[in-house]
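Here is a friendly walk through a structure, written for someone who likes to know how each value was defined. Have the viewer open as you read.

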Amino acid sequence: MDWGTLQAVLGGVNKHSTSIGKVWLTVLFIFRIMILVVAAERVWGDEQADFVCNTLQPGCRNVCYDHFFPISHIRLWALQLIFVSTPALLVAMHVAYTRHEKKRRFRNGEKIDIEELKNAKIHIRGPLWWTYTSSIFFRIVFEAVFMYVFYYMYDGYQMPRLMKCSAWPCPNVVDCFVSRPTEKTTFTIFMLAVSGICMMLNLAELCYLVLKICMKESRKTT
Amino acid sequence: MNWAGLYTVLSGVNRHSTAIGRIWLSVIFIFRIMVLVVAAESVWGDEKSAFTCNTQQPGCNSVCYDHFFPISHIRLWALQLILVTTPALLVAMHVAYQQHREKKLLVLTGHADPKHMEEVKKHKMRIAGSLWWTYVFSVVFRLVFEAVFMYIFYMLYPGYQMVRLVKCEAYPCPNTVDCFISRPTEKTIFTVFMLVTSSICIVLNMAELVYLVVRACARRGQHNSNPSSGKGSFYGHKLSSEYKQNEINQLLTEQDSSFKDMLRRNPGLQEKGDRCSAC
């Protein structure tokens, strides 16, 4: 089970999304997951092995690394991407349930066209509208939470070259040097920017759905 | 055979599960297996190479690592996930067996055309009769395996927390030696995450068990209050040629609901005008 399988699972949801939702899914897979897998993982690959401290004291390097990096950027991004993409599965489950209900009504004798049942695009209205809107809301919340966690854990989004560590068993204060700090800062800012774009797409999609329903309601009343 | 292969095998079971069973399967694959593969494995990747002891004594590092980590978290989680997902295969096997019997019945009654055979393969089996018992046992086994592994984790790594420093006195280490673990905070975070998802899966399994039991009781209640609803084996009168009657009767004496379902789906198999003599 890896990113490819997640893509296969979420690809099915694409059919029932709005256009903005489809753009969001594409941005997610190409500019975030793919960049994570082909580039970012290599940059962070030697983060502990090349974390060098100016001491011969055994254990000091391990402890300082653990102190400054409680959880690595790569793992945080992987968790963020998993959490941000799973609300779409709520929509997939709701669509599957709607299809199942239609099939049941067909079996009980109501006249429904089978071909239409299989291929029809399910319109986003009624309870499905609420499921879809909740899934977008959760996506926005998860994105914001993870961006805040990043900011809080790493005091801003920049990777410093040098860190001063005085955790036991390091004697006094020891200089520790981070591997590839500039490249890491570049990728952190890139992932942050794409995360911001995804949040804006989600907000736009939310506004679009709300406006669509308001216009439909006002057309009904006039 | 890897996690993707397991996913393919278990996706087939998905079709015959309850709604809670499908949610459980999604949680297992996305929040446990996927997190294990894309994140946790790289956190534990350098657990031995970066395990440093404050000594130059050869062999002390290896001995201390082995003493404190008899089996790594990653391997325990992999074993747990495999054991927890495989009871679903019992259900898959039972479904395959029922489908085989339905196909055999179709052949005996002369309705073995490709359309009916395809339908047997594609339709969703109702969780009733002996399939209900298989399904319930598979859920019970899942619960037992989850609980056993959580207990093993607790015994091996008390408190689920990974400490930064362990003190080791095993031979050949001279006296007591300080050993430092790599990435203890990140490991603690992932241990807690996997523990939480494991608990969520236990709750889902218990909910599914309760749902199945309540549904079976409700069905039995309806059945008792409406006794004419098809208890007997009336099929023998409808379905076939004389010299195969015994085989058919043998297949049909078990009042398995799947046959009733099949007849309901294929009204052409019943001859009109006959009345149920054993109902």
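The report below goes from the overall fold to helix packing, nonpolar cores and backbone details.

This is a predicted model, in which local features need pLDDT of at least 70, side-chain atom pairs count only at pLDDT 80 or more, and totals for chains, interfaces and linings use all residues. Residues are numbered from 1 along each chain as its sequence is written, chains are lettered from A and ligands numbered from 1 in the order in which they are written, and side-chain values use heavy atoms, with hydrogens and water left out.

**Chain B as a whole**

Chain B contains 11 helices and 3 strands; helices (H or I, at least four residues) and strands (E, at least two) are DSSP runs numbered from the N terminus. Along the sequence, the pattern in chain B reads α-α-β-α-α-α-α-α-β-β-α-α-α-α. Buried residues (under 20% relative accessible area; exposed is over 50%, partly exposed in between, with a 1.4 Å probe and protein chains only) make up 46% of the 279 residues of chain B. Looking at contacts (heavy atoms within 4.5 Å) in chain B between residues at least 6 apart in sequence, 78% join residues at least 24 apart.

**Two helix pairs in chain B**

Helix 1 (residues 3–14) of chain B packs against helix 2 of chain B at about 175 degrees, with the axes 11 Å apart. Axes are lines fitted to C-alpha atoms, for helices over the stretch in contact, and angles run from 0 to 180 degrees between N-to-C directions. Helix 1 and helix 2 of chain B are therefore roughly antiparallel (over 145 degrees; under 35 is roughly parallel, 65 to 115 roughly perpendicular, and the rest oblique). On the helix 1 side of chain B, the contact includes Trp3(B), Leu6(B) and Leu10(B), and these face residues of helix 2 of chain B including Leu25(B), Phe29(B) and Ile33(B).

The axes of helix 4 (residues 73–85) and helix 8 (residues 184–225) of chain B come within 12 Å and cross at roughly 15 degrees. That makes helix 4 of chain B roughly parallel to helix 8 of chain B. Here His73(B), Trp77(B) and Gln80(B) of helix 4 meet Phe190(B), Thr191(B), Met194(B) and Ser198(B) of helix 8.

**Nonpolar cores**

A nonpolar core is a set of buried Ala, Val, Leu, Ile, Met, Phe, Trp, Tyr and Cys residues joined through side-chain atoms within 4.5 Å. The largest has 103 residues, and Trp3(A), Phe51(A), Phe69(A) and Phe51(B) have the most contacts inside it. Helix 2 (residues 19–43) of chain B supplies the largest share of this core, 16 residues. Another core, of 13 residues, lies apart from it, with Val91(A), Tyr132(A), Met147(A) and Met199(A) among its members.

**Backbone details**

Which peptide bonds are cis, and which residues other than glycine have positive phi? The table lists examples.

| Site | Feature | Angle |
|---|---|---|
| Trp168(A) to Pro169(A) | cis peptide bond | omega about 10 degrees |
| Tyr171(B) to Pro172(B) | cis peptide bond | omega near 5 degrees |
| Asp155(A) | positive phi | phi near 45 degrees |
| Asn172(A) | positive phi | phi about 55 degrees |

Pro169(A) sits in the loop between strand 2 (162–165) and strand 3 (174–177) of chain A, and Asn172(A) is in the loop between strand 2 and strand 3 of chain A. Pro172(B) lies in the loop between strand 2 (165–168) and strand 3 (177–180) of chain B. Asp155(A) is found between helix 7 (127–153) and strand 2 of chain A, in a loop. Asp155(A) counts as exposed at 70% relative accessibility, and Asn172(A) is exposed with a relative accessible area of 66%.
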